[in-house]
Amino acid sequence: MYMKIQDDRPHIVSRLRNHILEIPPEARAASGIVINGRRIKSLVFTTDIAIIRNCDADAVLAVYPFTPQQTISEALIQNASIPVFCGVGGGTTQGMRTAMLAWDAEAQGAMAVVVNAPMSNEDIRRISRCVDIPIVVTVLNEHTDIAARLDAGATILNVSAAERTPEVIRAIRKDFSMIPIIGTGGPTGESIRRTIEAGANAISYTPPTTKELFSRMMDDYRTREED
């Protein structure tokens, strides 16, 4: 182990684990969302356990484009070294099945459950009766009936509107100044900064793929060989 000074703070790193995926530092400016005493400012949007185990995000946003399965959530929660916000459906998966998935996710140790935008308010209400962890509801645009979502049991909003995310967050903040919001941060420090300035309490960050990270590493190795 050894120490290095970065951003005026001491960082303890090891010889083998000093190469991690770092969230852009602009994310630290977020106020954060405190869940049961733990402050969450950044969430890495991935289900890649290798990235999850080698990044400095505060939590994982484990949402994927397939029907949620307990075996997937269990594997992620058991092997992640940080809290997991676990997707439980909302698109093709709805109804009682989502409530059961949410129940299982809480039992497995998830910090929160995440539902996609098509999820009905009735299903959100059903989930809220089953679990004692936050329900994160994805919002795609400013036309969503936020009041109805909150009344159904939504705890946190996950605004995912691509490059329009800051605009949508500002629209929501006009009427809902205190509701916790996770906003898509985009790929750069500048886009993360805009999302936070618009009113996001935390940001979600989509990391490079393992293929992209490997490509950078191999380029570095080739440069060393040439030297």
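Guide: Leaving aside residues up to four places away in sequence, Ile127 touches Val88, Thr98, Ala99, Ala102, Val113, Val115, Met119 and Ile135, where contact means heavy atoms within 4.5 Å. The model is a predicted one, in which local features need pLDDT of at least 70 and side-chain atom pairs count only at pLDDT 80 or more, whereas totals for chains, interfaces and linings use all residues. Residues are numbered from 1 along each chain as its sequence is written, and side-chain values use heavy atoms, with hydrogens and water left out.

Ile127 belongs to the largest nonpolar core, which has 38 residues; such a core is a set of buried Ala, Val, Leu, Ile, Met, Phe, Trp, Tyr and Cys residues joined through side-chain atoms within 4.5 Å. Together with Val88 and Val113, Ile127 is among the residues with the most contacts inside this core. Helix H3 (residues 96-108) supplies the largest share of the core, four residues. Helices (H or I, at least four residues) and strands (E, at least two) are DSSP runs, numbered from the N terminus.

Within helix H4 (residues 121-130), Ile127 is buried along with Asp123 and Ile124; buried means under 20% relative accessible area, exposed over 50%, and partly exposed in between, with a 1.4 Å probe and protein chains only. Viewed down the axis of H4, its buried residues fall within an arc of 100 degrees, so they line one face of the helix. That arc is taken over the directions from the helix axis to the C-beta atoms. These buried residues pack against H3, strand E8 (112-115), E9 and helix H5 (146-152). On the face of H4 turned away from the buried side are the exposed residues Glu122 and Arg129.

Because Arg126 and Asp123 are three residues apart in helix H4, about one helical turn separates them. An α-helix has 3.6 residues a turn, so residues three or four places apart point the same way. Asp123 is buried at a relative accessible area of 6%, while Arg126 counts as partly exposed at 21%. Over the whole structure, a search finds eight salt bridges.

How values were computed. A salt bridge is a side-chain nitrogen of Lys or Arg within 4 Å of a carboxyl oxygen of Asp or Glu.
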